[in-house]
Amino acid sequence: MTSDVDDQAPGALLPGLLQRLDEAIEALDSAPDFSKPTRLRRVLDGAKRVLLQEGGPAAIEARAQAIEAAGTFTGSDWAWPEILIPSLSAHALGSHDADTVVIEALSDLRILAVARGAYLHPTLSAENAHHHLTQVLAINLQRLFMPPSEAERESQGRLAQLARALLGHLAERIGYEHIVDQLIEEIWRILQQRPIQTEPVKQMITQIAICQANPDIDLGSSGQGADRLVSSLFGPTQACREDPGVEIYRDRLERMDGVALQNEATGFARAMHDTGLVSPYHAVLLRHLADHGDHLLSEAMGLSSTGRDCLLCYSELVHALIDQAVFAETAQAIYGMALMLERGILYQPPVAPALWRQLSLPLSAWSRERLAIAFGETVPPRTRLLEGVLCMLGQPLGVGQGNNPTCQSARALSMWAYNDPDYLLQMVAWAARDDEIIIHFEGQPISSMASLSGVATTLPIDLDPVSLLVVPHLDRIYAEMGRRCIGREGDPHRWINPEFHGWWSGRGFRINVDVATGKLESLEDFLRHFYASYHPYFNGNQPLIHPQPIGIAATDSAARFIGWHAITLLRVSLDPQDVMRAYFYNPNNDSGQNWGDGVEVSTAGCGERFGESSLPFEEFASRLYIFHYDPLEHGELASVPQESLDRVIAMVHRTWGADRIPDEHLTLNLDSPATGTEA
Amino acid sequence: MEKNPDKGFVALLGWSLNAVEAAETFDRRYVVVAPDWAEEYCEKHDIPYIPWNFERLNDRSMEIAHTLQEKGVDVAIPLYEETVEWAGAINSVLLDKPKLFGQAMLLRDKALMKRRAQLGGIRVGIFEEAHDKEDVVRFLKRVNQTLLKLDGDPNDPIHLKAFDKAGCLGHRVIRTPDEVDTIPDEEFPVLMESHLDGWEFAVEAWVHNGKIRFLNISEYVTLGYSGFVPATPELEKYREQITAQIEKLIKTFDIEFGFVHPEYFVTNDGEMYFGEVAYRPPGFKVFELLERAYGFNAYQGLILSFDPKTTEKEITAFFPKEVVDAKGVAGCFGVYPRRRVVSKLEMPAETEDHPYFESHELTPPIEETVTKRTAFGTHWGLIYFFGDDPHTMRDLLKRQEDLDFYV
């Protein structure tokens, strides 16, 4: 052994290591695809050594593009940064397998380069990269601020240091002092959309709470805004302020008088409606109050007169639901139930009986297994499903598609929960009990059992309980409907949407893209009809009656086309600033997106209800490519102002339509280049 | 890479990803001849492929030769010991040189090859075939008698090797008659050799038109554990002598083209003893080490030296000048667990922190109990090093033998 190595200053090895790494990257880059795996070892081992050096992460960040281009991520999930789930990074960075840690580190540093604008990535925008890293840091807060635990050192050895150096670098580049504050802002932004799935948010809040409680971690002045979040989960009221544990809290409840219980009830209700998060203590209280009269129950759920009325009318049902669905582990059921009561949907004759069916519904072995795989076995699968049903009925716009290409199915579930709740309950019963759903298409039954494959190639797992069971069936039926439309001219959604989503999807159908060529087609006519059908100024001031399936051309923050996406148009009306806005539901889990060219989807502050997204009408129209309408209600086509249409058309041409402009248009432009795109 | 129709069309016998990669990125047309388990992979990646199971030569052997001939293949290149006789059989058809088959059979049988070497005036140790355990005991006694050992003196060991296996596979060292009992009956017949005290090393030589085009000397630090290229100056000082030996060897074995990988001992008095020779790429990733040290692709060198359409100018330009053109020294170490019970892989910090350390192919242990090592060469994975100084490399590789990689 040569000993001169040990005497060198920290980081002195770096230039030599980087030279080796660069050679390894080059060797990987020049290898044909099939033999890249044999060239990967030198890159991973070289990167590992670099990452352990001072200044290593920065050096990797500078090479991020070359590392990805050489094929380091090819064939793994990391090859698609846009689908990576931030919360999984905690597991990857904690792995005892060096390669997993290193590749996660390389990927995160690549995302950092994207976030900082140094690397213009084909599928990941700088904004999304930034969001991703904020969440990665959030989920790893403890690792960032704390030295490795004994267990970590034992299982990971020096890898634990590598993960810390990586997170430290990420935090430094993103800005240390803002991490926690940004994280809190991020959590609030997500919560404002009131997702049904709250587990990731709860994990992030728990991380903040752990860091705040630890005297060794100096968060400086940041993290002040986390109090409401942390308390809503761990101590929303006087009697559980110090997070005593549910057993002690239950004992305390036993000794409380009416006034004290009333205080507890209002405290929980306020926390729940502030955040959309429900503390496990809340479930303990609600079960306790079940024996103390409906007035306190109503208080504990924070019901208005509508909800209270509904509770009193269906008291027996509500008690049965509390008894079977509300436990510390399924506390979110309370929020779902409260909102369901507020919506008054129990007054629709089939809904209450359908819920009674749900209460006694036997689950198939397959359903029980799927629920146990996704949510564990701490509570019985049927309890988990009941919680999911209540949440979906209470928060129809909180349905998310997870990381699955099943936006159609998620949209259908949301639409039914919103518009046709008893039909949703019917679907849940069929899926959960019978493992089969049958939907008719043009008179022919389509069975989800007989249809082999859906859009998704693997069974999704990252979904709420209802979606988990129903989506695979819907996805297969949707795909089968598509197969039955093969050979028809034009876009199949013309026929699929009304049959798949419901009769209220208008039979009139317009699309502005020629399916055969992918080019834009009669754009102005398309838009004029959209205005006349949905814009209150041109449709006889008719508010939207039923939610309508809409197809949009999704674009990223650089206004580049990403893909076709299914959303629901919910209403069109003036916002508090008197701007005409389209309010819509996006099954994508986080709707607050930057679509580029100045179009930023708002999720709060412009008159949105929980779960709604909104855009000014023109901006919304500029991303539209499919809509349905009632052909008998044609509106006032002629009065749609040309200037407004021109603005929308210009936006289309600047963004997703840029390379879809039909040839004759280009010719016209050549004749009079000075007049711009709209000749 | 764009293929040159004026150059040769080669068939690679056996599956080696590194060889395929080299062929894919080279200007020669190629086809992989490998067992059918390779089919799916080849199809998926558009790798030209012909399925063939290399069992013992049989009456279907002509079939593959004719298939390749019809495709326009010029020459077959063996990648593994088991495909050497196939290459001989096929090339005797493709090149219309019947003697190539006999030559291949000679190169596949360690006893025959030693006799041939002896006939050619090459120095070999004492050797004999053994058909059963008694033969081994007798040979052990006779060798030690010859060495004028008295009863009670420690025996000089003898080496047992399978006739037709690559490198260290089936290689055993026997010192006492008791140890003979540990040899399973199914390993017979074997080749027995006397032990030569000296320095063992291997040579890789690329031959074209009967001339050596590149000659590498691989230095073993400990047989079966580690090797590196280029060798230390102490071994390289024999280069002239070694070259003369290899020239003698290719003349004796009548080798006109291709690649030979012989092993030699050099004794304390500077005498060279021939061990064995193989007509295929060496194990222990020597080709990969050469690429790291010199920057040329040794598999592409292989293709050049086999291809009859290779021009003099081309091959001269391809190979660098030995030793002086090396950018550094590349070595690798084969890890074998030292403990009997292991639970995890843990790279020693001193290895990983050494500036020469480059990468490793170790995987976490599948079983906790380590089976006793019976023969040479069954390592659990390799560790690669690269640096400037051959002595540092030698000491570094030696040092690895004292470290635990599995704990």
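Let me begin with one pair of side chains: B:Glu21 and A:Arg39 form a salt bridge, with N and O 2.6 Å apart. Please bear in mind that this is a predicted model.

That pair belongs to the interface between the two chains. Which parts of chain A supply the side that touches chain B? Helix 1, residues 14-30, and helix 2, residues 36-51, of chain A each provide at least two residues of that side. Helix 2 of chain A gives the largest share, with eight residues. Sorted by class, the side of chain A that touches chain B holds 10 charged residues, six nonpolar and five polar.

Now the interface as a whole. The contact draws on 21 residues from chain A and 29 residues from chain B. About 2,300 Å² is buried between chain A and chain B, and carbon and sulfur atoms account for 49% of that area. How many salt bridges are counted between chain A and chain B? The count is eight.

Let me turn to chain B on its own. Chain B contains 15 helices and 16 strands. Its radius of gyration is 22 Å, close to the 22 Å that the globule rule gives for 407 residues, so chain B is as compact as a globular protein of that length. The C-alpha trace of chain B spans about 70 × 50 × 45 Å along its principal axes. Of the 407 residues of chain B, 56% count as buried. Among the contacts in chain B between residues at least 6 apart in sequence, 66% join residues at least 24 apart.

Over all chains, the count comes to 60. In chain A, one of them joins A:Asp274 and A:Arg228, whose closest N and O atoms are 3.1 Å apart. This pair links distant parts of the chain, since A:Asp274 sits in helix 15 (residues 258-275) and A:Arg228 in helix 13 (residues 227-234) of chain A, 46 residues apart. A:Asp274 is partly exposed at 36% relative accessibility, and A:Arg228 is partly exposed at 24%.

In chain B, the side chains of B:Asp404 and B:Arg338 meet in a salt bridge at 3.0 Å, N to O. B:Asp404 lies in the segment after helix 15 (390-400) and B:Arg338 in the loop between strand 14 (329-335) and helix 14 (349-352) of chain B, so the pair ties together parts 66 residues apart in sequence. B:Asp404 is partly exposed at 22% relative accessibility; B:Arg338, at 47%, is likewise partly exposed.

A further salt bridge in chain B joins B:Lys398 and B:Glu401 at 3.5 Å, N to O. Are these two residues buried or partly exposed? B:Lys398 is partly exposed at 42% relative accessibility, whereas B:Glu401 is buried at 19%. Finally, salt bridges with shared partners join A:Arg20, A:Glu23, A:Arg42, B:Arg292 and B:Glu358 into one network.

Methods: Residues numbered from 1 in each chain as written. Chains lettered and ligands numbered in written order. Predicted model: local features only at pLDDT ≥ 70, side-chain atom pairs only at ≥ 80, totals over all residues. Heavy atoms only, no water. Contact = heavy atoms within 4.5 Å. Buried area = accessible area lost by both parts, 1.4 Å probe. Salt bridge = Lys/Arg side-chain N within 4 Å of Asp/Glu carboxyl O. Helix = DSSP H or I, 4+ residues; strand = E, 2+ residues; numbered from the N terminus. Nonpolar A, V, L, I, M, F, W, Y, C, P; charged D, E, K, R; others polar. Rg over C-alpha atoms; globule rule 2.2 N^0.38 Å. Buried < 20%, exposed > 50% of the residue type's maximum accessible area, 1.4 Å probe, protein only.
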